[in-house]
Amino acid sequence: MVLKQCILTRNDCYTKGTKMTGGKPTGIVVHSTGANNPNLKRYVQPLPTDKDYNTIMADLGDNIYDNDWNKSYKAGEINRQVCVHAFIGKNAAGNIETYQTLPFNICCWGVGGGAKGSYNNNPRARVQFEICEDGLTDKTYFDAVFKEAIEFCAYLCKVYNLPVSSISSHAESYKAGYGSNHGDCDHWLKKFGKDMDWFRAEVKALLTAEQTNTATTKKLYRVQVGAYAVKKNADGMANRLKNAGFNTYMVKSGTLYKVQVGAYSVKANATNMLNTLKKAGFSGYVTTSTGTAVAISSLKSVDEIAREVINGKWGNGSARKKKLTAAGYDYATIQKRVNELC
Ligand SMILES: [Zn+2]
């Protein structure tokens with residue numbers, strides 16, 4: 001799973017921000033969009049004020065039709081009151097990714113209302129996501145997006161301690177009385193001989209495999225890309241890894257913030273990841289040591305900082321170098337961009 005974030009802060013659903021009862025979802029609703037457009041940029045675009053604007057736009061590409069969902073219905077920018085927690089589809093390079101578009105603990109506007117109520121609302125609010133449909137005949141795309149959706153659901157089940165039985169499609173939610181009369185995504189599954197029972201069984205299998213792994217594996221091999229006494233420096237490395245497309249995480253062990261990638265029960269898989277990282281210009285080594293999880297703070301984009309440097313915010317010469325490094329930025333990368341822009 002590749003989970004990224006572009007919160008649709010302009011959508012009225014986000015600004016309303018109804019907190020879910022108990023601060024967490026009671027289940028998951030799986031949708032598919034019902035339109036032949038597999039590209040995430042159709043629905044997901046950041047506002048120019050988003051701190052990750054450049055990164056997200058570089059990843060997703062520009063929606064030239066300007067009909068994405070990061071819009072306000074009240075302000076007349078979109079003709080539907082609709083918003084979900086995430087989308088799965090293609091980025092600009094054609095890779096399958098998941099974009100979180102709402103905090104998972106606020107009620108979304110997805111499934112509509114049914115005979116008994118709605119999974120949009122408390123006390124039955126569920127986390128809901130859309131899979132971007134294509135023409136529904138491409139098996140490769142089908143396999144890839146549903147694999148991503150299954151992994152995403154397993155992740156959500158783990159984080160929010162949800163039973164697999166609390167996953168329903170939009171069509172099933174309607175049948176249960178908690179959604180409007182739609183056929184997604186069962187109509188798509190059916191085309192490839194699958195159904196939601198298959199989907200749930202796949203999620204269950206993933207969760208079981210993970211539990212067995214944690215129970216039986218004493219050692220996990222991780223690739224450590226850096227260990228820093230200063231958190232900002234660790235954030236800097238973690239951000240560079242993220243920007244290069246790696247799933248990274250940070251742990252604290254003793255006085256050091258360690259930036260690691262992957263956790264493999266088979267050492268060869270960690271070695272493969274190390275080689276991939278090396279090809280991308282990073283260095284590291286395989287370790288079995290870990291620590292307590294620490295959240296990674298996102299830094300500003302290279303372009304943003306380069307502009308700040310040009311505007312004199314970071315001083316000159318060695319002082320600039322010292323300040324940038326202390327704030328977690330890679331001096332050489334920033335300076336290169338400054339030279340390009342000047
Ligand atoms: Zn739906």
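# Exercises on a predicted model

In strand E11, Ala293 is the bridge partner of Val251. The model is a predicted one, and the exercises below start from this pair.

**Exercise 1. Find which strands E8 pairs with, and in what sense.**

Solution. 
- Step 1. Take E11, residues 292–294: three bridges join E8 to this strand, and the two run antiparallel.
- Step 2. Turn to E9: six bridges join E8 to E9, again antiparallel.
- Step 3. Follow the chain from E8 to E9: the two strands form a hairpin with two residues between them. Gly254, in the turn, has a positive phi of about 65°.

As background, strands of a sheet pair through backbone hydrogen bonds, either parallel or antiparallel.

**Exercise 2. Check the length of helix H7 and say what its buried residues pack against.**

Solution. 
- Step 1. Helix H7 covers residues 231–243, which is 13 residues.
- Step 2. The expected span is 1.5 Å times one less than the number of residues. For H7 this gives 18 Å, and the end C-alpha atoms are 18 Å apart, so the two values agree.
- Step 3. List the buried residues of H7: Asn233, Ala234, Asp235, Gly236, Met237, Ala238, Asn239, Arg240 and Leu241.
- Step 4. These buried residues pack against strand E7 (221–228), strand E8 (248–253) and strand E9 (256–264).
- Step 5. Read on past the helix: H7 is followed by Gly245, which has a positive phi near 95°.

**Exercise 3. Give the strand order of the six-stranded sheet and explain why one side of E1 and of E6 has no neighbour in the sheet.**

Solution. 
- Step 1. The sheet is open, its order is E1-E4-E3-E5-E2-E6, and its pairing is mixed.
- Step 2. E1 (3–5) and E6 (167–169) stand at the edges; each has a single partner strand, so one side of each is left without a neighbour.
- Step 3. From one strand to the next, the twist averages 25°.
- Step 4. Inside the order, E3 (residues 86–90) and E4 (residues 96–100) pair in the antiparallel sense over five bridges. One of the residue pairs is Gly89 with its bridge partner Glu97 in E4.

**Exercise 4. Decide whether Asp66 is buried or exposed.**

Solution. 
- Step 1. Locate the residue: Asp66 is found in the loop between helix H2 (53–60) and E3.
- Step 2. Asp66 has 10 C-beta neighbours inside 10 Å, so Asp66 counts as exposed.
- Step 3. Compare sequence and space: Asp66 and Ile78 are twelve residues apart in sequence, and their C-alpha atoms are 9.9 Å apart.

**Exercise 5. Describe the protein as a whole and test its radius of gyration against that of a compact globule.**

Solution. 
- Step 1. Count the elements: there are eleven helices and eleven strands.
- Step 2. The domain assignment gives domain 1 (3–213), domain 2 (221–294) and domain 3 (302–341). The centres of domain 1 and domain 2, taken over C-alpha atoms, are separated by 29 Å.
- Step 3. A compact globule of 342 residues would have a radius of gyration near 20 Å; the protein has 22 Å, which agrees.
- Step 4. The C-alpha trace spans about 65 × 55 × 40 Å along its principal axes.
- Step 5. Of the 342 residues, 38% count as buried.
- Step 6. Among contacts between residues at least 6 apart in sequence, 71% join residues at least 24 apart.

Definitions and conventions: Residues are numbered from 1 along each chain as its sequence is written. This is a predicted model: local features need pLDDT of at least 70, side-chain atom pairs count only at pLDDT 80 or more; totals for chains, interfaces and linings use all residues. Two strands pair if DSSP finds at least two bridges between them. Helices (H or I, at least four residues) and strands (E, at least two) are DSSP runs, numbered from the N terminus. Axes are lines fitted to C-alpha atoms, for helices over the stretch in contact, and angles run from 0 to 180 degrees between N-to-C directions. Domain bounds come from an automatic or database domain assignment. A residue is buried if 20 or more other C-beta atoms lie within 10 Å of its own, exposed if 12 or fewer, and partly exposed in between; C-beta atoms are placed from the backbone. Two residues are in contact if their C-beta atoms, placed from the backbone, lie within 7 Å. The radius of gyration is taken over C-alpha atoms; the globule rule is 2.2 Å times the number of residues to the power 0.38.
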